[in-house]
Structures are given as structure tokens and as C-alpha cells.
Amino acid sequence: MDRYARWNALLELLTESGRVSVEDAAARLDVSQATIRRDFDQLAQQQMITRTRGGAVANGVSYDLPLRYKTAKHSAEKQRIGAAAAALVTPGMVVGLNGGTTMTEVARALAVRPDLNSGADGAQLTVVTNALNIANELLVRSRMKIVVAGGVVRPQSYELVGPLGSALLREVTLDVALLGVDAIDAHLGAAAHHEGEASMNNLMVARAKRVVIIADASKLGGHAFARICPIERVETLVTDSGADEETTAAFEAAGVQVIRA
């Protein structure tokens with residue numbers, strides 16, 4: 001296991017339990033305690049964790065890990081969700097996409113569809129995004145028209161936030177906004193951990209004719225700090241087959257179409 005894989009695993013352990021000892025981490029990752037101590041020290045230097053005597057604890061931002069440190073957790077589910085969400089897009093649309101690991105799979109699924117790439121009459125799909133990694137995924141794999149909202153980059157998610165991007169989003173109209181979220185509740189609506197991202201996503205919602213929320217089962221029924229939109233604004237929820245019946249029934253009762261991938 002290389003250094004970055006270990007860091008991913010350590011961050012996941014801390015996210016799950018909040019605290020882990022050097023001894024326990026070394027046993028679970030099958031490496032020496034000296035290696036774990038070095039890893040903890042390096043992660044603490046990056047303010048990813050808080051070092052303690054004999055171990056480490058999750059610090060105040062552990063719920064919002066930088067995208068580059070997130071593992072392929074629920075990766076199979078996210079790939080299926082991405083394909084199902086991409087299937088809702090038809091040629092000629094203007095589509096809004098935000099950032100996140102699930103949305104990366106949506107972008108990849110869109111990029112490989114030949115019917116959405118440019119033909120003799122020009123771009124068959126226009127994508128408006130505030131995420132640098134999403135723009136890159138589409139740019140290197142397709143010939144779609146890519147519009148990137150400006151702003152200040154959040155290193156955690158590669159999303160652009162702030163008034164510069166807001167100005168652009170107020171001037172466009174989207175056929176559909178496909179949005180990844182940190183949490184969605186059948187009563188409270190969709191939400192994000194960071195208020196800047198929530199604000200940008202809210203603008204996409206305001207400019208969209210349709211709103212589709214993309215979230216694996218672990219996000220359903222959860223809560224996050226800043227609301228993106230009320231549940232009444234969500235037309236469709238795309239999730240995975242692991243979502244339980246009671247939870248999805250609550251969304252359907254609220255008028256949301258639920259697609260299980």
C-alpha cells in the first residue's frame with residue numbers, strides 16, 4: 001500500500017470513529033507503527049487531522065475531506081448512478097453540473113456518449129459547471145461546449161465559489177441541473193457542508209427548468225450545514241439500489257421521482 005492509499009485509509013478510519021491509535025491503525029493497515037506515526041505527522045501538518053498522544057483524532061473539517069484524499073468508497077454504486085443520471089440528458093440540452101466524486105462519474109458517462117458530442121451543426125451538449133475537475137473530465141474526453149463559472153477555488157472540492165461565478169450563473173438558463181449533494185432529506189431538502197458551494201448550487205437550481213439530485217444511499221436522510229434547495233424544487237432523485245424502501249418512499253411521497261441504479 002503506497003503513502004496516498006494509506007492516507008486515504010487513515011482518513012476513512014477517522015471519519016468513521018473520530019479517533020484512532022497508532023497501534024490500532026498499524027494493525028488494521030498491516031504496516032509498522034513508525035510508518036503510521038509519520039503518516040499522522042504529515043496529515044497533521046496539512047491540518048487534515050489533530051495529532052494526539054499515541055494516535056490522532058478527526059479535526060473540525062474531517063467531514064469535508066479534500067477530493068484528492070477521498071477513496072473510491074461506494075465507487076461501483078457511483079458509477080451506476082452516474083450512468084443513470086447521464087441517461088436523463090438528451091442532445092441539444094444545456095446542463096448544469098457541480099462537483100464531487102459522484103458528479104465525476106456523471107461527467108465521465110456523458111463524455112463517452114457519441115450522440116452528445118459535436119457534429120456538423122456544432123455542439124450537441126452545453127455544460128455549465130463551477131467545478132474545475134468536471135470541466136477537465138469533459139474537455140479531455142469530448143467536444144462538448146464547456147462553460148465554467150468563475151470564482152475562488154475550494155481545494156477540498158475543486159469547485160469555484162463566490163460572486164464572480166454567481167454573476168455568470170445569473171445570466172444563463174439551464175434545461176436541467178444535475179447536482180451532487182452532501183445530504184438530502186425528504187423534508188429539509190438538499191444541502192451541502194460548505195455555504196459557498198450551497199450558494200452556487202442554489203443559483204443553478206434557480207436557473208434550471210428541472211432539478212435532478214444525484215446521491216448514493218449514504219447521503220439519503222442525512223443533514224448538512226447549508227441548504228441548496230427545498231425538496232419541492234427537486235424533480236428527480238438518482239440513487240443506488242442500496243437505498244431502503246422506507247427512505248425512498250418518503251421522497252416519493254414528497255413528489256420526487258426516485259431512480260435506483
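This is a guided tour of a predicted model, to be followed with the structure open in a viewer.

Local features are described where pLDDT is at least 70 and side-chain atom pairs count at pLDDT 80 or more, while totals for chains, interfaces and linings use all residues. Residue numbers run from 1 along each chain as its sequence is written, and side-chain values use heavy atoms, with hydrogens and water left out.

**The whole chain**

Begin with the entire protein chain in cartoon view. The protein chain has nine helices and 15 strands; helices (H or I, at least four residues) and strands (E, at least two) are DSSP runs numbered from the N terminus. Its radius of gyration is 19 Å, close to the 18 Å that the globule rule gives for 261 residues, so the chain is as compact as a globular protein of that length. The radius is taken over C-alpha atoms, and the globule rule is 2.2 Å times the number of residues to the power 0.38. Along the principal axes, the C-alpha trace spans about 60 × 40 × 35 Å.

Switch to a surface. Of the 261 residues, 49% count as buried. Here buried means under 20% relative accessible area, exposed means over 50%, and partly exposed lies in between (1.4 Å probe, protein chains only). Among contacts (heavy atoms within 4.5 Å) between residues at least 6 apart in sequence, 67% join residues at least 24 apart.

**Helix H5 and its cover**

Select residues 101-111, which form helix H5. Nine of the 11 residues of H5 are buried, among them Met103, Glu105, Val106 and Leu110. The elements covering these buried residues include helix H4 (75-86), strand E4 (94-97), helix H6 (132-141), E9 and E12.

The buried residues of H6 are Asn133, Ile134, Ala135, Glu137 and Leu138. Their cover includes E4, H5, strand E5 (126-129) and strand E6 (145-148).

**Charged side chains**

Colour the charged side chains. There are 27 positive and 29 negative ones in the protein chain, and the centres of the two sets lie 5 Å apart. Lys and Arg count as positive and Asp and Glu as negative, with His and the chain ends not counted; each charge is placed at NZ of Lys, CZ of Arg, CG of Asp or CD of Glu.

The structure holds nine salt bridges, a salt bridge being a side-chain nitrogen of Lys or Arg within 4 Å of a carboxyl oxygen of Asp or Glu. Show Arg154 and Glu197, whose closest N and O atoms are 2.6 Å apart in a salt bridge. This pair links distant parts of the chain, with Arg154 in strand E7 (residues 152-154) and Glu197 in helix H8 (residues 195-207), 43 residues apart. Arg154 and Glu197 are both buried.

Move to Asp175 and Lys209, which form a salt bridge at 3.4 Å, N to O. Asp175 is in strand E9 (residues 174-180) and Lys209 in strand E12 (residues 208-214), 34 residues apart. Lys209 counts as exposed because its relative accessibility is 60%.

Then select Arg260 and Glu245, a salt bridge with the closest N and O atoms 3.8 Å apart. Arg260 belongs to strand E15 (residues 257-260) and Glu245 to helix H9 (residues 245-253), 15 residues apart. Arg260 is partly exposed at 34% relative accessibility, whereas Glu245 is exposed at 58%. Salt bridges with shared partners also join Glu105, Arg108 and Glu137 into one network.

**Loop residues**

Go to Asp182, in the loop between E9 and strand E10 (183-185). Asp182 has 22% relative accessibility and so counts as partly exposed. Leaving aside neighbours within four places in sequence, Asp182 is in contact with Ala191, Ala192, His193, Lys219 and Ala224.

Finish with two backbone angles. Most residues other than glycine have a negative phi. Asp30, which is not a glycine, has a positive phi of about 60°. Asp30 sits in the loop between helix H2 (22-29) and helix H3 (33-45) and is exposed, at 70% relative accessible area. Tyr158 also has a positive phi, near 65°. Tyr158 lies in the loop between E7 and strand E8 (159-161), and is partly exposed at 27%.
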